[in-house]
Amino acid sequence: MQNTINTPTKNCTIGTTNDIQKFTDFLNSKNYSKQTIKLYNWFLKRYLLLYGKEISLENVQKFPLNVGILMSRSNGKEYLYREQPSIKSFLKLYILCFYPNKESLLIKIMLDKSHGRKRLRLPRYLEKTEILSLINNETSLKNKAILSLLYDGALRESELCNIKIRDINLERKQIKIRGKGNRESLINISDNTLNLITTYIKTNFRDNTSIINKEDTKEYISKYIDRSLFEVTPKQVWTIVMRAGENIGYKFEAGKKNHIFPHMVRHSTATHLLEDGWPLNKIQKFLRHESITTTQIYAHLSDVSFNKDAKDWLNK
């Protein structure tokens with residue numbers, strides 16, 4: 001059956017500046033991240049393009065499929081339903097922002113289970129030996145420190161990019177990070193990662209003695225405390241991880257999913273914790289997931305250790 005999509009409503013615009021600004025301010029008040037705000041504003045423009053500002057149960061029910069088809073035209077069929085959970089969240093926020101009196105419609109969206117159809121994809125991950133090779137084969141001190149920290153803390157690329165000098169506690173071997181919604185948390189780092197970061201600071205920051213010795217001087221505060229640790233963007237982190245993966249045989253090829261990306265390192269950390277016997281609730285806290293539902297994707301990876309145990313038993 002061929003997919004069809006509604007034509008844009010007559011006299012509707014792709015979204016006025018006032019609408020977008022109002023929605024952006026509303027999302028900022030809810031502490032959503034820049035990436036989430038950008039995505040939801042994309043949805044807002046598409047909704048206004050399809051239906052104008054009209055809100056109805058029919059439009060709400062059709063929007064996930066219609067916007068999915070719009071996405072599939074540029075991204076391929078596999079993304080047809082990719083963002084549906086996000087679309088459902090967008091619709092709730094859209095109603096709360098522009099139609100706060102439409103409580104009955106909001107309740108129907110919350111109770112509707114038809115959204116979110118998508119194929120379950122188990123997260124790709126690296127074995128522990130591959131993680132070691134990924135880090136050890138990297139020749140750049142800065143990139144090596146980035147890779148090691150991504151794995152130690154199961155960091156999202158945005159979390160890594162937001163780390164400042166002031167966030168590092170060398171004595172406690174901890175780093176303060178800012179996650180989704182600007183939520184702050186502390187992560188522990190290994191001695192190896194600590195040594196890499198310390199060496200990187202000594203090598204890359206002039207007058208660095210005040211940082212390493214933690215002297216609370218005006219010069220230290222003014223020059224270094226608010227500086228970014230690695231001074232990289234999420235796109236640069238992607239490039240660093242992808243090229244490090246190519247060094248151990250994960251070559252990037254257009255149209256194929258055989259390269260390494262930052263979130264794959266995060267998946268690897270979670271998988272290794274599960275293999276080491278960590279319960280899901282502890283992994284949830286480690287990954288800084290707001291809901292255990294998000295962490296449950298790793299429960300499917302229990303088959304990994306199960307299959308290994310089965311093979312070991314058969315080969316006795």
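**Ground rules**

I number residues from 1 along each chain as its sequence is written, and I work with heavy atoms for side-chain values, leaving out hydrogens and water. Since the model is predicted, local features need pLDDT of at least 70 and side-chain atom pairs count only at pLDDT 80 or more, whereas totals for chains, interfaces and linings use all residues.

**Entry 1: the whole chain**

I started with the secondary structure and found 16 helices and 3 strands in the protein; helices (H or I, at least four residues) and strands (E, at least two) are DSSP runs, numbered from the N terminus. I then looked up burial, and of the 316 residues 42% are buried, where buried means under 20% relative accessible area, exposed over 50%, and partly exposed in between, with a 1.4 Å probe and protein chains only. The accessible surface is about 18600 Å², and carbon and sulfur atoms hold 50% of it; the areas come from the Shrake-Rupley method with a 1.4 Å probe, and for residues only the protein chains shown count as cover. Among contacts (heavy atoms within 4.5 Å) with a separation of 6 or more, 63% join residues 24 or more positions apart.

**Entry 2: helix 13 against helix 14**

I took helix 13 (residues 262-275) and helix 14 (residues 280-287), whose axes come within 10 Å and cross at roughly 150°. Axes here are lines fitted to C-alpha atoms, for helices over the stretch in contact, and angles run from 0 to 180 degrees between N-to-C directions. Helix 13 and helix 14 are therefore roughly antiparallel, on a scale where angles under 35 degrees count as roughly parallel, over 145 as roughly antiparallel, 65 to 115 as roughly perpendicular and the rest as oblique. Their crossing is right-handed; a crossing is left-handed if the near helix is turned anticlockwise from the far one by less than a right angle, and right-handed if clockwise.

I listed the residues that meet: Arg-266, Thr-269, Ala-270, Leu-273 and Leu-274 from helix 13, and Leu-280, Ile-283, Phe-286 and Leu-287 from helix 14. By class, this contact has 7 nonpolar, 1 polar and 1 charged residues, with Ala, Val, Leu, Ile, Met, Phe, Trp, Tyr, Cys and Pro counted as nonpolar, Asp, Glu, Lys and Arg as charged, and the others, Gly among them, as polar.

Helix 6 (residues 128-136) packs on helix 13 at an angle of about 140°, with the axes 10 Å apart, which makes helix 6 oblique to helix 13. The crossing of this pair is left-handed. On the helix 6 side I noted Lys-128, Ile-131 and Leu-134, which meet Val-265, Ser-268, His-272 and Glu-275 of helix 13; the classes are 3 nonpolar, 2 polar and 2 charged residues.

I then followed His-272, which counts as buried because its relative accessibility is 2%. Apart from its neighbours within four places in sequence, His-272 touches Leu-126, Glu-127, Lys-128, Ile-131 and Tyr-151.

**Entry 3: helix 7 against helix 12**

Helix 7 (residues 141-153) and helix 12 have axes 10 Å apart and an angle of about 95°, so helix 7 is roughly perpendicular to helix 12. Asn-143, Ile-146, Leu-147 and Leu-150 of helix 7 make the contact with Val-237, Ile-240, Val-241 and Ala-244 of helix 12. I count this contact by class as 7 nonpolar, 1 polar and no charged residues.

**Entry 4: Glu-159 and Arg-288**

Glu-159 sits in helix 8 (residues 157-161) and is buried, with a relative accessible area of 0%. Beyond neighbours within four places in sequence, Glu-159 is in contact with Ala-154, Ile-177, Arg-178, Gly-179 and Arg-288. Arg-288 itself lies in the loop between helix 14 and helix 15 (292-295), and at 15% relative accessibility Arg-288 counts as buried. Its phi is near 65°, a positive value in a residue other than glycine.

**Entry 5: two partly exposed residues**

Glu-231, in the loop between helix 11 (218-223) and helix 12 (234-247), also has a positive phi, of about 50°, although it is not a glycine. Glu-231 counts as partly exposed at 46% relative accessibility. Asp-191 lies in helix 9 (residues 191-204) and is partly exposed at 46% relative accessibility. From C-alpha to C-alpha, Asp-191 and Lys-173 are 7.7 Å apart in space, while in sequence they are 18 residues apart.
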